[in-house]
Amino acid sequence: MKLTIYQVDAFTNKLFHGNPAAVIPLEAWIDDILMQNLALENNLAETVFFVPSTNPKADFDIRWFTPQVEINLCGHATLASAYVLFEILGNKKEEIIFSSKSGLLKVSKDIDSADGFKGSLNFPSWEPTPFTDYPSQLSEILGNAKIISVYKYRDLLVELENEDAVKNFIPDFTLMKKYIDKMIITAKGKDADFVSRFFAPGAGVDEDPVTGSAHSQLIPYWSKKLNKKKMFARQLSSRGGEIWCEHLNEERVSIGGQCVFYMKGEINI
């Protein structure tokens, strides 16, 4: 069996920045173990697979795998999948609807973007709530940085004092892996409304370069805190990424970003 694989850098307009995703279109689902092995072989934060959907409300069914586990939502790989469909496979629709474990996900193409491909993800809004049952070692894990607040929905969300605290944080992954599954650190930005970094040692991704799903939590959090619906965000990993955010309503957020094509290849299995 031969499969086509694409690699796309998402949430950036510069090659070797943003978050790389491996995109593998399928005509029908292949074995789960095989998909997990392919994700392990790719060794990227996510490998995404999609097939034509039998759901009358969707165009494609979509699934995402880290090198270790299948996850329930991934922003950058969904954006990369839409890029492949719009820009390479010639999908003519203005909007693509994916059916996923997190419900229906809509991706629209910004036809007015003069700076390469830009798409907007319509994702669930996961408003986090104050959380006190976090590990007592959290301060040590964060290098004794000043913690402003701790919230949680899917992931632990920790607001730090300022952008520099987020940017300069040097994680001790050995310590983090003992106590933390997934964690967002965030702060008010200097030239962005807010900044963040994301760590998922429990899913086999020590630090994710740019994390769309984390913004399902970050957007409602910062929208309420800043009293703004539309915001611009940066993720401060070494690769870096830019995210255009909008809190649409209590149930949905919009996560916008650009993509850059890196490669196309063939898998022989």
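I looked up D155 and found it buried, because its relative accessibility is 0%. Buried here means under 20% relative accessible area, exposed means over 50%, and partly exposed lies in between, with a 1.4 Å probe and protein chains only. The model is a predicted one, in which local features need pLDDT of at least 70 and side-chain atom pairs count only at pLDDT 80 or more, while totals for chains, interfaces and linings use all residues. Residues are numbered from 1 along each chain as its sequence is written, and side-chain values use heavy atoms, with hydrogens and water left out.

**Around D155**

I placed D155 in the loop between β10 (147-152) and β11 (156-160); strands are DSSP runs of E with at least two residues, helices are runs of H or I with at least four, and both are numbered from the N terminus. I then listed what D155 touches, leaving out residues up to four places away in sequence: K182, I184, F198 and Q217. Contact means heavy atoms within 4.5 Å.

I next looked up the largest cavity, which holds about 120 Å³. Of its 16 lining residues, E46, I71, F198, T211 and S213 are the closest to the centre. On a 1 Å grid over the protein atoms alone, a cavity is a set of points where a 1.4 Å probe fits but cannot get out, a pocket is an open set with protein on both sides within 12 Å along at least five of seven lines, and lining residues have an atom within 4 Å of a point. Grid points are joined across faces, edges and corners, and a volume is the space filled by probe spheres set on the points. I noted that α2 (75-88), β13 (194-200) and β14 (205-208) each give at least two residues to the cavity lining.

The largest pocket has about 200 Å³ of space. Its lining includes F11, H17, R234 and E242. I found that β15 (230-235) and β16 (241-247) each supply at least two of the pocket's lining residues.

**Cysteines**

I counted 0 disulfides, a disulfide being a pair of cysteine sulfur atoms within 2.5 Å. For C245, the closest cysteine sulfur is that of C259, at 15 Å, so the two are too far apart for a bond. For C259, the closest is in C74, at 11 Å, which is also too far for a bond. I found C245 buried, with a relative accessible area of 4%, and C259 buried, at 7%.
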